[in-house]
Amino acid sequence: MNMNPYKILEIKQSVFDNNDQRAALLRDELKKSKTFLLNLMASPGSGKTSTIVRTIEALKDEMNIGVMEADIDSDVDAHTISLTGAKVIQLHTGGMCHLDSDMTRQGLSGIGTEGMDCIILENVGNLVCPAEFDTGASKNAMILSVPEGDDKPLKYPLMFSIASVLLINKIDAMDFFNFDLDEVKKRARKLNPDIKIIPISAKTGEGIDEWAEWLRSEVVAWKK
């Protein structure tokens with residue numbers, strides 16, 4: 001018997017080839033229901049879950065936030081999120097390194113969108129596959145952590161190209177790594193001139209207010 005305060009859902013890979021069309025349909029449905037879906041992507045260990053926790057803490061008094069935790073296996077992240085009191089569901093991808101729109105729809109059905117202002121999808125951790133599949137999200141966000149290095153826009157250009165916002169996490173550790181913040185910004189904006197870049201520290205809370213304000217404004221705009 002599952003005694004956890006959240007579901008664990010084994011999702012199945014979509015058998016449909018027209019993922020972009022199905023993603024657009026899902027996005028339209030979310031718009032009509034006034035539910036904002038944020039697709040959060042990043043490498044393992046970049047601080048996705050800790051950033052989500054900070055986000056919930058910053059916004060929980062003004063909006064209902066749900067979280068879909070996608071992993072190949074385990075439920076450690078869902079457990080962490082459940083401690084915040086937010087509604088959460090764990091998605092197991094059965095070995096898949098990403099979610100597509102149909103898999104996302106399965107997750108949304110499992111968590112339920114009624115009464116939810118914002119649902120955050122923590123996608124499977126890597127900078128390659130998740131960037132290639134439209135999940136139907138309202139916006140795409142990504143995290144790059146300082147220890148990963150400032151060359152990642154050169155190595156994973158598609159990820160930076162599709163993200164509306166780039167969170168540069170672990171800036172509290174900047175002194176310990178050879179990381180050029182200005183160079184990252186330059187490289188990211190060369191790929192995506194409209195990308196919003198926000199340096200943060202999920203550990204100390206630095207930059208979280210600016211990030212929360214960005215998300216707040218996007219949720220408000222989505223509901224109009």
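Which side chains does a polar contact of 3.3 Å join? The side chains are those of Asp-77 and Thr-49; a polar contact is a pair of N or O atoms within 3.5 Å, where within protein one must be able to donate a hydrogen and the other to accept it, and residues adjacent in sequence count only if both atoms are side-chain atoms. The model is predicted, with local features needing pLDDT of at least 70 and side-chain atom pairs pLDDT 80 or more, while totals for chains, interfaces and linings use all residues. Residues are numbered from 1 along each chain as its sequence is written, and side-chain values use heavy atoms, without hydrogens and water.

Asp-77 is buried, meaning under 20% relative accessible area, with exposed over 50% and partly exposed in between (1.4 Å probe, protein chains only).

In helix 1, the buried residues are Asn-19, Ala-23, Leu-26 and Leu-30. Seen down the axis, these fall within an arc of 65 degrees, so they line one face of helix 1; the arc is that of the directions from the helix axis to the C-beta atoms. The face turned away carries the exposed residues Gln-21 and Lys-32. The buried residues pack against strand 2, helix 4 and helix 9, contact being heavy atoms within 4.5 Å.

Note on methods
Lys and Arg count as positive and Asp and Glu as negative; His and the chain ends are not counted. A salt bridge is a side-chain nitrogen of Lys or Arg within 4 Å of a carboxyl oxygen of Asp or Glu. Helices (H or I, at least four residues) and strands (E, at least two) are DSSP runs, numbered from the N terminus.
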